[in-house]
Amino acid sequence: MSNSETRTVKYLVRGMSCAACQAHVEKAVSAVEGVESCSVSLLTNSMSVTGTADPEAVIKSVKDAGYGASAESTVKSSEGKIFSDIEEQLKDRETPVLKRRLIFSLAFLLILMYFSMGVSMWNWPAPALLRDNMTGIGIIEMLLAGIVMMINKKFFVNGFRALLHRSTNMDTLVAMGSGISFVYSFVTLLHMSSEHSHKAQMEYMNDLYFESAAMIVTLITIGKLLEAISKGRTTNALKGLLDLQPKTAVLIKNGTEVTVPVEDVRVGDFYVVRPGGSIPVDGVITEGDCAVDESALSGESVPVDKVVGDKVSAATINRSGFIKCRAEKVGEDTALAQIIKMVSESSGSKAPIARIADKVSGVFVPAVLIIAAVVFAVWMLTGASAGDSLTRAIAVLVVSCPCALGLATPVAIMVGNGTAAKNGILFKNSTSLEQAGKADIIVLDKTGTITNGIPVVTDIIPAEGFDKNELLSLAYSLEQGSEHPLGRAITDYCSSNNILKEKIEGFKVRAGNGLEGSIQSRKIRGGNLKYISGTCSAGAGMISKADELSMQGKTPLFFESDGKLAGIIAVADTIREDSSEAIKEFKWMGLYTVMLTGDNKKTADNIGKTAGVDLTVSDVLPGDKERIIRKLQEYGKVIMVGDGINDAPALTAADVGIAIGAGTDIAIDAADCVLMKSNLKDAAAALRISRKTVTNIHENLFWAFIYNVALIPVAAGAYASLGITMSPMLGAAAMSISSFTVCMNALRLNLVKPYDKTHDRAKSKIRNRGIEINNIFGTTNTNRLEEKTMEKTITIEGMMCGHCEATVKKALEALEGVQSADVSHDKGTAVVTLEKDVADDVLWKAVEDKDFKVTGIQ
């Protein structure tokens, strides 16, 4: 019975051994009614199925294909620890089993080789019963080979079971190669037993391949062991994240400290953490202060100072100070749990590049079987003996390796994701990991991405007769009663610089204009130039400086005392320290850089110039961002970097959306990649990891393809006339090395230095089309993208700063039919661009609802 709701269910799959198995499982599950998509990972032996199909039907289809499967579940151990399916997937069950198989196989193989080579060829010591008794030696070889094959019966069970289900895999090739050698040798042994002369028996001995039958499965087991070990190493980063999960928490219950398993912590519980302790769950500090090492989550090695009200995350370490916290997120809701889930899902998802290997894997084994049959027939027709012909056919079977094809992409994706996670960069799926490095254009939201998103004091200009501290003290005293963001910027600055403040009396807020109050009978005022000009003369020099500050995108605030100008304090949302350097790195990598902002053109152009972007697009509405992304995609692949709710549509529309970690949950949910440290240089690092990972995948695929292309002809005897041949044993050895080589090559990604820009190279010529792109967007204003628009100019009183502008702008742009609003507190106007006619009374009401006065609309 299917469920009408589309959902994604994860399964554990048992019995897969190569890319062909992976392809067969995908094909079988995709045929189930209600399955929309199916992705199988050979690396983690997992499967993700999206659609409305009944899980039981999915499991049945896997079993019918000859494999085992179980839906995701949660198992709780006796110690109380919860093991998720991620932990189940990463448990190394293969290595111990393969080690035991290999030890026993080698023990019996060495005895077999002693008789087949030592006694038969080199006359090594042997029991008297076997001297000159070739039939007896042949029987012992058969028994020893049979034991080795029984030890490695998994190859035969899986291989022939696949044939019964009308499919083939790597085990089929191994089973047939080893089995045919054994059967042919057994038939030869029967003929040899009918001969009585020593000479005749010796001739038959040359056609016994019992040691090949045993050697093939033993060498393949060696390869499988090396593969299992190297595959285990590719998941070390994810295992490391799982190991970070705290085991216990110290709760406060009835005033007493009680140590409990971390699974027993509930939202709202209070817990304490001492210096050196691991924070058990996400929470907020209610008492104390500390320095927290967040390197496990963000990759940042410098501890972060935390005080009451600050949030702390599970698995981070309290380096100093005693804190009491209230639990806010527990279990699978913690930041650590979300990171683990994200990395796991990304590693288990399938990259587009893997489709090449999938297509080849689906037909690879049947093709090899046909080639082996053709090789046997051709050599027989050319007059070769049955033994020689069979040897070449068996060599073709065992040298062919579909495993390397199946592992080429997932092992690189797993290690690439792990390297990114260790540096605080989280890719949500393998598609984004692959596509990020192929981008041509990177679009950056201004507020909170290029800038800090918080107004700060940038300039302090005392007027004649006042010094810096007097001006700050006066402003601090006046602004302490204000709740305006600009006022908070001044009070925060003064507080951190130990500026003295005095008690203010008669404090009043003049909406949209400024503040006023008295200090010891002195009348104090602060606000914009228009407000201050009503009570004192600012002077041409100070007005000129204020204009310069405005040109730089800053908001100048004037302060006066008893009618005398005290000076100007400028406040602005400043550019992050790393932004300009990160933008340079994007350019070195050949990306065309674009900044989007809702600011007016003057402010936007100044910030864009300082940051160093190629194109600044101003007066942008949230809806415009998505439209601009779509337009830029006509020129190449686009990355969007943002942090706000209004960035979510653009993050979704872009080929790869990157969210700044300190951004909103909606932005993070919409993005394909999350930067935990909120550092724009991490976006450049993400691109480098993507490029290195894709390069590694190409190397792996090249090796996997070239290995088979080069060695199958050698095994078939194509170069026998040159003296170049290959025995089945050498073929098995080569096959065992191929998968190991692919895994070890992927592990080189652990050596990648994501912040090393010395090897950056431009992979796109998009920057050569910069003028063409600039022309599309006019002079950096998105309004030029629309042809049929109309404008209305609203005259407004009461606006005094950039934040007042933002309030009016937001109110107007929220109206249906309003495309954009260019608001200026200096001019006291809002120029509204309309997509359709909007009634004047609607515009009027939207502004006055925000406590500003409208005096006219034209």
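Predicted model: local features only at pLDDT ≥ 70, side-chain atom pairs only at ≥ 80, totals over all residues.

Reader: Which residue of S27 does Gly 642 stand opposite?

Author: Gly 642 faces Ala 659 there.

Reader: ok, and what's the strand order in the whole sheet?

Author: The sheet is open, with seven strands in mixed pairing, ordered S16-S28-S27-S26-S17-S24-S25. S16 (425-427) and S25 (615-617) are the edge strands; each has a single partner strand, so one side of each lacks a neighbour in the sheet. From one strand to the next, the twist averages 20 degrees.

Reader: Which helix packs on it?

Author: Helix H27 (residues 681-716) does, touching S16, S26, S27 and strand S28 (673-675). The direction of H27 makes about 50 degrees with that of S16.

Reader: Switching topic: where does Thr 172 sit?

Author: Thr 172 belongs to helix H7 (residues 170-193).

Reader: Buried or exposed?

Author: Thr 172 has a relative accessible area of 0%, so it counts as buried, the cut-off being under 20%.

Reader: What does Thr 172 touch, then?

Author: Leaving out residues up to four places away in sequence, Thr 172 touches Gly 159, Ala 162 and Leu 163. With Gly 159 there's a specific atom pairing: the Thr 172 side chain reaches the backbone oxygen of Gly 159 at 3.2 Å.

Reader: And how far is Leu 397 from Thr 172?

Author: Their C-alpha atoms are separated by 9.0 Å, though Thr 172 and Leu 397 lie 225 residues apart along the chain.

Notes. Residues numbered from 1 in each chain as written. Heavy atoms only, no water. Pairing = 2+ DSSP bridges. Helix = DSSP H or I, 4+ residues; strand = E, 2+ residues; numbered from the N terminus. Axes fitted to C-alpha atoms, helices over the stretch in contact; angles between N-to-C directions. Contact = heavy atoms within 4.5 Å. Buried < 20%, exposed > 50% of the residue type's maximum accessible area, 1.4 Å probe, protein only. Polar contact = N/O pair within 3.5 Å; in protein donor to acceptor, adjacent residues only side chain to side chain.
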